[in-house]
Every structure is written in structure tokens, then in C-alpha cells.
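My notes follow in the order in which I looked.

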Amino acid sequence: MNGAVLSDLSIRVAEKRYPGAVEPAIAGLAFDLPARQFCCIVGPSGCGKTSLLNILAGLDRAARAEVRFADGSTPAATPIGYMFQTPRLLPWRTVRDNVRVVLDAAAVAAGRAERLLDEMGLGACLDIYPGQLSGGMQRRVALARAFAIEPRLLLLDEPFVSLDQPVAEHLRGMLLDLWQRHPTTVLFVTHDLREAIQLGDRIVFLSRAPSRVILDVTVDLPRPRHAEGSEVDDFRRSLLARHRELLAGVAESVAGEVGATPDPSSMESQLC
Ligand SMILES: Nc1ncnc2c1ncn2[C@@H]1O[C@H](COP(=O)(O)OP(=O)(O)OP(=O)(O)O)[C@@H](O)[C@H]1O
Ligand SMILES: [Mg+2]
């Protein structure tokens with residue numbers, strides 16, 4: 001929980017173990033989310049981030065987990081938007097139909113797919129196919145689809161990974177605009193600490209598997225924030241300085257920046 005803000009979603013994963021695995025992927029992971037918070041999740045590769053999102057989306061019924069909204073509803077009974085780690089657009093459907101596929105008849109008739117695609121700058125691409133779009137444009141369609149159901153919870157699994165920096169930066173701006181126009185609770189998985197600080201109200205850091213929360217940080221910087229701006233960089237340096245050893249094993253980018261051997265005298269140069 002963050003400060004005195006009321007929780008809207010309680011997440012308790014006692015254990016997630018895949019069949020045949022020696023160790024659980026997740027064990028004793030717990031945190032709460034206030035309504036409309038933008039929360040980033042940062043953790044090492046293979047620690048269980050996607051497994052966690054699958055549990056939250058109600059796609060994994062085998063995990064020992066309890067996920068509940070404040071009114072008692074479960075993920076299965078709640079509109080949850082999910083942008084998967086691998087793009088899952090239907091190649092045989094047009095851009096418009098890739099969004100319409102998640103909507104009911106009333107929302108289709110009201111033109112919700114077209115409106116969201118237009119907000120994502122894709123108003124001229126409604127009737128073409130995903131294969132005709134660039135990687136960045138495909139992510140925009142996937143984002144429009146994730147927002148289309150008016151989700152109470154939006155799960156984004158490394159949505160901008162492997163894009164060129166200017167394209168990723170443009171998409172981060174579009175995501176924040178969408179979130180401000182259509183407020184919802186967001187869980188955004190990333191390996192990129194700068195991206196997490198630029199976007200999040202909060203960053204939850206996960207340990208290596210079996211995964212649990214090892215650090216929970218509020219990002220109290222005013223918006224809008226700029227990726228290359230000094231506020232984001234100062235926040236990052238101060239975070240790394242305060243939690244150097246804890247974060248060294250968490251995200252590859254952080255481990256590289258922090259360095260393996262603790263040496264406070266050289267810390268500043270390593271963190272630059
Ligand atoms: N379907 C599966 N069957 C068996 N093991 C799995 C399955 N999916 C994931 N795992 C294992 O569970 C652990 C957590 O995987 P998960 O994909 O959730 O990690 P992640 O944090 O999302 O990784 P990445 O950063 O690479 O996306 C890993 O050890 C992975 O190999
Ligand atoms: Mg993953």
C-alpha cells in the first residue's frame with residue numbers, strides 16, 4: 001500500500017509452481033494497488049513477472065493465489081486489459097477488427113474501436129492488416145485493444161521492448177495520454193528503470209525466482225516527466241545509491257549500471 005491511499009486490488013500469491021519445476025516461480029508475493037495507480041514492476045529475467053500477470057488476468061487457475069478487488073470481485077468477473085509480451089494481433093483481421101474482436105455489439109455500433117484507433121494516430125489504417133504495419137504501429141493497435149474494454153485493471157508486459165528509442169518514447173507519451181483520458185489501474189512490466197521512473201506513480205521491485213516483493217518505491221515526481229530530463233535521472237541515481245546492493249541483482253540494466261563490487265568511493269562514476 002502507498003501512504004493512506006485506499007487499496008482497490010489485493011494481490012496475494014502464496015505459490016506459483018510449474019509442473020515438474022524444482023523451485024516455485026513465485027512464493028509469498030503480496031502487494032495492494034489503489035484504483036487508478038500507474039504501477040511499474042521491475043525484476044530480473046525469468047523471475048515470474050509474466051506468470052504474475054497471467055494470474056492477475058485470471059488465465060492461471062493452478063496457482064495458489066488470491067486476487068480480489070475491494071468490492072469482492074475476482075479477475076474472472078472483471079474487465080481486465082492485457083497487452084501480452086509477444087504481440088498477439090490476428091494477422092487475418094484488419095486493424096479495426098483486431099480491436100472490435102474484444103467489444104460487445106453496442107460498443108462496436110458506438111464506434112469505440114475507431115475512436116481509440118484514432119486517438120492512437122491510426123485513423124487512416126483501419127482497413128489494413130497487421131502485417132502491413134511497422135512494429136511500433138502494431139503495438140499501438142495492441143494498446144488500443146487493451147484499453148477498448150474499459151478495463152478496471154490494465155496489464156502491460158514489456159510493451160515497448162525492442163523498439164527504437166524515439167518510437168518507444170513516442171509510445172510512452174501516447175500511453176500516458178490514453179491513461180489520463182481513460183483512467184484505470186495499470187501494472188506495467190519493464191526492465192528499464194528510466195522508463196519505470198518516467199511512467200510510474202510507484203515501482204515494485206521483484207526478487208529472482210521464487211519471486212517476491214523486495215522494494216516498493218513511490219515516484220513522487222511531477223508530470224509530465226521527460227525520459228532524458230534531469231528529474232528522472234536524479235531520481236534514478238538517488239534510488240540506486242540508497243538501494244545499491246538490493247537492486248544490483250534485480251534488473252539487468254540496473255546490475256550493469258551499479259557494478260558487481262560494492263565500492264562507495266566509485267559509486268558516483270558507476271551510476272552516471
Ligand atoms: N509454461 C511454463 N511451463 C514451465 N515453466 C515456465 C512456464 N512459463 C514460465 N516458466 C518458468 O517460470 C519462471 C518465470 O517465468 P516468467 O515468464 O513468468 O518470467 P518473466 O519474469 O516474465 O521473464 P522475462 O523477463 O524473461 O519475460 C521461469 O523460470 C520460466 O522458465
Ligand atoms: Mg515475461
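For residue classes, I count Ala, Val, Leu, Ile, Met, Phe, Trp, Tyr, Cys and Pro as nonpolar, Asp, Glu, Lys and Arg as charged, and the others, Gly among them, as polar. This is a predicted model, in which local features need pLDDT of at least 70 and side-chain atom pairs count only at pLDDT 80 or more, while totals for chains, interfaces and linings use all residues. Residues are numbered from 1 along each chain as its sequence is written, and ligands from 1 in the order in which they are written.

I looked up ligand 1 and found 13 residues around it, the closest being Tyr18, Ala25, Lys49, Thr50 and Ser51, where near means a C-beta atom, placed from the backbone, within 6 Å. By class this shell has five nonpolar, seven polar and one charged residues.

I then checked helix α1 (residues 49-56), a DSSP run of H or I with at least four residues. Six of its eight residues are buried, so α1 is largely enclosed by the rest of the structure; buried means 20 or more other C-beta atoms within 10 Å of the residue's own. Lys49 and Ser51 are among the buried ones.

Next I took the domains, whose bounds come from an automatic or database assignment: domain 1 (7-78 + 152-271) and domain 2 (90-147). Ten residues of domain 1 are in contact with nine of domain 2, contact meaning C-beta atoms within 7 Å. Helix α6 (residues 165-181) supplies five residues, the largest share of the domain 1 side.

Technical notes
A residue is buried if 20 or more other C-beta atoms lie within 10 Å of its own, exposed if 12 or fewer, and partly exposed in between; C-beta atoms are placed from the backbone. Helices (H or I, at least four residues) and strands (E, at least two) are DSSP runs, numbered from the N terminus. Two residues are in contact if their C-beta atoms, placed from the backbone, lie within 7 Å.
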